[in-house]
Amino acid sequence: DAEPSYWHAPVDHFAFPSSNLTFRQKYYVNKEHYVSGGPVFFQLGGEGPVKGPPRGYIAALAAEHKALLVQVEHRFYGESVPNGNVDTDN
């Protein structure tokens, strides 16, 4: 299994960079079939945790097109939770 990576995503894209609040957002990268200059296939995780790089049809397409595969966990799911919780209080 692939190891997850994390980046510091802005909490509010409309207030960034005047507001520098960020949260850790999980993502996976699969370079197995990638050839320099090839396309990047991006998949945004759905309503649940992301547990690895994309699989299935998109992975088959990546092999065919020598693409880099990236999957990002959707905010508020899995480990990618702004402010560390899902409370709705401001």
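## Reading the labels around Gln-71

Author: The side chains of Gln-71 and Gln-43 meet in a polar contact at 2.7 Å. Bear in mind that this model is predicted.

Reader: What makes the Gln-71 and Gln-43 pair a polar contact?

Author: The cut-off for N or O atoms is within 3.5 Å. This pair sits at 2.7 Å. The distance therefore meets the cut-off.

Reader: Which backbone atom does the side chain of Gln-71 reach?

Author: The backbone oxygen of Gly-52, at 3.0 Å.

Reader: Why is Gln-71 called buried?

Author: Its relative accessible area is 8%. Buried means under 20%. Gln-71 therefore counts as buried.

Reader: Where does Gln-71 lie, and what does Gln-71 touch beyond its neighbours within four places in sequence?

Author: Gln-71 belongs to strand 4, residues 68–72. Its contacts, leaving aside those neighbours, include Tyr-27, Tyr-28, Val-50, Pro-53 and Pro-54. Gln-43 and Gly-52 are also among them.

Reader: Why is Val-29 called partly exposed?

Author: Val-29 has 32% relative accessibility. Buried needs under 20%, and exposed needs over 50%. The value falls in between, so Val-29 is partly exposed.

Reader: Where is Val-29, and which residues does Val-29 contact beyond four places in sequence?

Author: Val-29 is in strand 2, residues 22–30. Its contacts, setting aside neighbours within four places, are Leu-68, Leu-69 and Val-70.

Reader: Which residues form the largest nonpolar core?

Author: There are 5: Phe-41, Ile-58, Ala-62, Ala-67 and Leu-69.

Reader: What makes this set a nonpolar core?

Author: Members must be buried residues of listed kinds, and Ala, Leu, Ile and Phe are among those kinds. Side-chain atoms within 4.5 Å must join them. The set Phe-41, Ile-58, Ala-62, Ala-67 and Leu-69 is therefore called a nonpolar core. In soluble globular proteins, nonpolar side chains tend to be buried together.

Reader: What does Phe-41 touch, not counting residues up to four places away in sequence?

Author: Its contacts include Ile-58, Ala-62, Ala-67 and Leu-69. Leu-61, His-65, Leu-68 and Val-70 are also among them.

Reader: In what order do the elements run from the N terminus?

Author: The order is β-β-β-α-β. That comes to 1 helix and 4 strands.

Reader: How many of the protein's residues count as buried, as a percentage?

Author: Of the 90 residues, 30% count as buried.

Notes:
Residues numbered from 1 in each chain as written. Predicted model: local features only at pLDDT ≥ 70, side-chain atom pairs only at ≥ 80, totals over all residues. Heavy atoms only, no water. Helix = DSSP H or I, 4+ residues; strand = E, 2+ residues; numbered from the N terminus. Buried < 20%, exposed > 50% of the residue type's maximum accessible area, 1.4 Å probe, protein only. Polar contact = N/O pair within 3.5 Å; in protein donor to acceptor, adjacent residues only side chain to side chain. Contact = heavy atoms within 4.5 Å.
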